[in-house]
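Grab the model and try each one before reading on.

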Amino acid sequence: MEIKDVDSRDLKKIVNLEQKIFKENAFSEDLMERLIEKNFFFLKLEINKLKKHIIGFIIVIKEKDRKDNVNIVNFLIDSKFQNRGYGSYLLQHVIEKIKNLKIIKKIILNVQLSNTIAITLYEKFNFKRNPLIVENYYHSGKDAYLMELNIYS
Ligand SMILES: CC(C)(COP(=O)(O)OP(=O)(O)OC[C@H]1O[C@@H](n2cnc3c(N)ncnc32)[C@H](O)[C@@H]1OP(=O)(O)O)[C@@H](O)C(=O)NCCC(=O)NCCS
């Protein structure tokens, strides 16, 4: 199992996985292409079967108005591989990378209100849920929580 930077050769695989998991809320191919070009971290988790196989990825970008904040804008593990610790492994890895840079104060993300699994996972890593609900956050019209991890607390 390896964590590596995503590059443009991964675009099709990333887009397929994104559509499979997020359906109507999936990021478009265009957006993924731009995120591969410009990101803070765009990491893939690969397993080595007969061939290398991407089983998940995480995208982190810098906040526009707060340069010491980063935002996890996308994060998934392929359905077949969920609930086996891969999500925790990838999230832990990215949190460590961000902490080691020593320039980022806060990691933020949005999560759908009904996504108990992801919320529990983020809470396991000490993300705190902001009580304010972000209405209409997703394409589907669903609302989101904002969750935040203060690096220095
Ligand atoms: C969220 C996601 C990335 C987690 O990845 P994963 O590989 O399944 O996660 P893990 O196996 O490491 O499990 C992580 C934690 O999730 C929580 N969890 C798992 N299954 C759960 C369940 N049925 N109910 C509640 N919490 C659950 C637990 O806290 C678990 O940690 P623990 O096993 O130490 O208790 C994955 O489920 C996924 O891709 N979901 C669809 C896309 C998505 O929702 N992405 C997040 C968008 S904000």
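**Exercise 1.** Find out how Asp68 and Arg66 pair up, and how exposed each one is.

*Solution.* Step one: look at the side chains. Those of Asp68 and Arg66 form a salt bridge, with N and O 3.1 Å apart (a side-chain nitrogen of Lys or Arg within 4 Å of a carboxyl oxygen of Asp or Glu). Step two: check the accessibility. Asp68 is buried at 17% relative accessible area, while Arg66 is partly exposed at 42% (buried is under 20%, exposed over 50%, partly exposed in between, with a 1.4 Å probe and protein chains only).

A word on the ground rules: this is a predicted model, where local features need pLDDT of at least 70, side-chain atom pairs count only at pLDDT 80 or more, and totals for chains, interfaces and linings use all residues. Residues are numbered from 1 along each chain as its sequence is written, and side-chain values use heavy atoms, leaving out hydrogens and water.

**Exercise 2.** Work out which parts the Lys20 and Asp78 pair ties together.

*Solution.* Start with the contact: the closest N and O atoms of this Lys20–Asp78 salt bridge are 2.6 Å apart. Lys20 sits in helix 1 (residues 11-22) and Asp78 in the loop between strand 4 (69-77) and helix 3 (86-101), so the pair links parts 58 residues apart in sequence. Helices (H or I, at least four residues) and strands (E, at least two) are DSSP runs, numbered from the N terminus. Finally, Asp78 is buried at 4%, whereas Lys20 is partly exposed at 38%.
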